[in-house]
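Dear colleague,

I am handing over the structure we spoke about, which you will find just below.

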Amino acid sequence: MNNSIQHASRHRERRHRLPVRLWHWINLWCLIVLLMSCLQIFNAHPALYWGSTSNFDDPWLEMYAIRGADGDIQGQTALGPWTFDTTGILGYSGSGDHASVRGFPDWITLPSYQFLTMGRLWHFFFAWLFVGAGALFVLYALFSGHLKRDLWLPASQWRGLGRDILDHLRLRFHATRIGYNGLQKLSYLGVLFVALPLMILTGLCMSPTFNAAAPWLLDLFGGRQSARSIHFIVAGLLVLFVIVHLLMVLLSGPFRQVRDMLTGGRRNVTPVDNEGSTHHEGK
Amino acid sequence: MKGNDASSRIFGRGRRRFLQRTALGVATLGLAGCDRLSQNEQVVKTLGLAERLNLRVQRFLAGERGLAPEYPASMIDRHFRPNGSTDPQASRYRQLAASQFREWRLEIGGLVDEPLSLSLAELQTMPSRTQITRHDCVEGWSAIGQWRGPVLADLLERAGVRPEARYVVFHCMDQLGGEDYYYESLDLSEARHPQTILAYSLNDEPLPIANGAPLRLRAERQLGYKMAKYLSGITLVTAFDDIGGGKGGYWEDRGYTWYAGI
């Protein structure tokens, strides 16, 4: 008993506890591999559709190459009614002899050359790792109080959310030393309880065997090709989240942020109540 | 990514260029490393362990008899995209096709009590199952078609599967890429699934050559490459190590996963 109290108080001083740090770095690697192998798999058929099947005449997103009037090959990307010249990045990329018709360029796919089955092997291995670590983390967050204490928004933060958004839009950041701000918490919650579950479920819905297990889930997403599209879109949102996350780290003392995520750092233990304490700290 | 005001405030120009170059260098090294890893046998083997987990979990969730979704006739795709071989050139196949497959026979042998040799007409007079199902290519696209043909379990029952048999191997008449003959395999559990049929008809028409005439496999809970086209024979075996490249199928011999349930 005594022991566990001591244990808990020692932990509380850390800014990021060990499970959070472990999960963070496992996620980093998983997301890199999952994204790059995802694009390898996508390149096998670089087009997306809505519904159950592929209406090849009417994808909502497609990357392809055409031969221009001057004889040069151009990479093109069609998004809905619009077509963009994306030579060098999407549709047709690579330099000199290595130039080829491909959805995404070689520097962002795993492996770099076209090799669908290898991309699939990477993707599914790291998907299991990601799901396993994620499940453990959610259990930890629920039972350790991490979710309630650090991630859930108290009433004042819900109320202050509008202002928070405006401040962020004006690039006015409050580097809070205690806890996360409202918008930050909301984005973590969105990733943890909306985006990641969506990724897993839409991913599973692309499995014909899993469709036999849960046809209703396939219906919920509007068919297999819709599930594939949602999988791709949410992956894009996760990339956006990571970009914003990195920007925020850069703007709020990157050295300290990375160090603390590695070592745990020290939580500023100014005694404050959770209610409304965090919002305007550090102003 | 373009630098914005905020980041140029943090980094001076020279420092930024240095960081960019470092990042590019690390990325290039990382990419080369990933490619080398993808060619390392041990790495490939380790990554492949996930496929065993896929198989177990998918089978557990779907059950042995869980049915793939079937669709209303209104959802059938008018053109069912063919893939892989679409016009086999092997002389034996050309001859058979020239006479509308009247001379063609399906040989069922291997570990069975009574080997069978069936003509297309005989297969067409057997009790059949008609199903409108979705075909998922490993590349990512899907198409819906209506298939008709005898349930494989009935044929296996008729031939009498010996207890030591574990896999059903499907032999084909097409040489994909002008190389080896295509082949595939299912385990007995999937082969006896109620939706596993040998289809001679697509959308109420005789199976077109592009889609595998005269007879193709439909294994509706797996990806398209499992569903061998241009069938000529079926053998029951205990293991497929000594068939083709030993991995249980044409694409499996080229690194693709055997169960292919996702």
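Two residues are taken to be in contact if their C-beta atoms, placed from the backbone, lie within 7 Å. Counted in that way, residues 24 or more positions apart account for 62% of the contacts in chain A with a separation of 6 or more. Please keep in mind throughout that this is a predicted model.

To begin with chain A as a whole, it has 11 helices and six strands, and of its 283 residues 28% count as buried. The chain is divided into domain 1, made of 2–44 together with 114–263, and domain 2, which covers 55–103. The C-alpha centres of these two domains of chain A lie 32 Å apart.

Turning to the strands, β2 (residues 61–67) and β3 (residues 73–79) of chain A pair in the antiparallel sense over seven bridges, with A:Ala65 standing opposite A:Gly75 in β3(A). The hairpin of β2(A) and β3(A) has five residues between the strands, and in it A:Gly71 takes a positive phi near 90°. β3(A) is also joined by four bridges to strand β4 (residues 82–85) of chain A, again running antiparallel, and here A:Ala78 has A:Thr83 in β4(A) as its bridge partner. Two residues lie between the strands in the hairpin of β3(A) and β4(A), where A:Gly80 takes a positive phi near 55°.

Finally, there is the meeting of the two chains, in which 42 residues of chain B are in contact with 36 residues of chain A. On the side of chain B that touches chain A, at least two residues each come from α1 (5–10), α2 (13–39), α3 (41–62), β3 (129–136) and β4 (142–149) of chain B. α3(B) gives the most to that side, with 10 residues. By class, the side of chain B that touches chain A has 22 nonpolar, 11 polar and nine charged residues.

With best wishes

Key:
Residues are numbered from 1 along each chain as its sequence is written. Chains are lettered from A and ligands numbered from 1 in the order in which they are written. This is a predicted model: local features need pLDDT of at least 70, side-chain atom pairs count only at pLDDT 80 or more; totals for chains, interfaces and linings use all residues. Ala, Val, Leu, Ile, Met, Phe, Trp, Tyr, Cys and Pro count as nonpolar, Asp, Glu, Lys and Arg as charged, and the others, Gly among them, as polar. Domain bounds come from an automatic or database domain assignment. A residue is buried if 20 or more other C-beta atoms lie within 10 Å of its own, exposed if 12 or fewer, and partly exposed in between; C-beta atoms are placed from the backbone. Two strands pair if DSSP finds at least two bridges between them.
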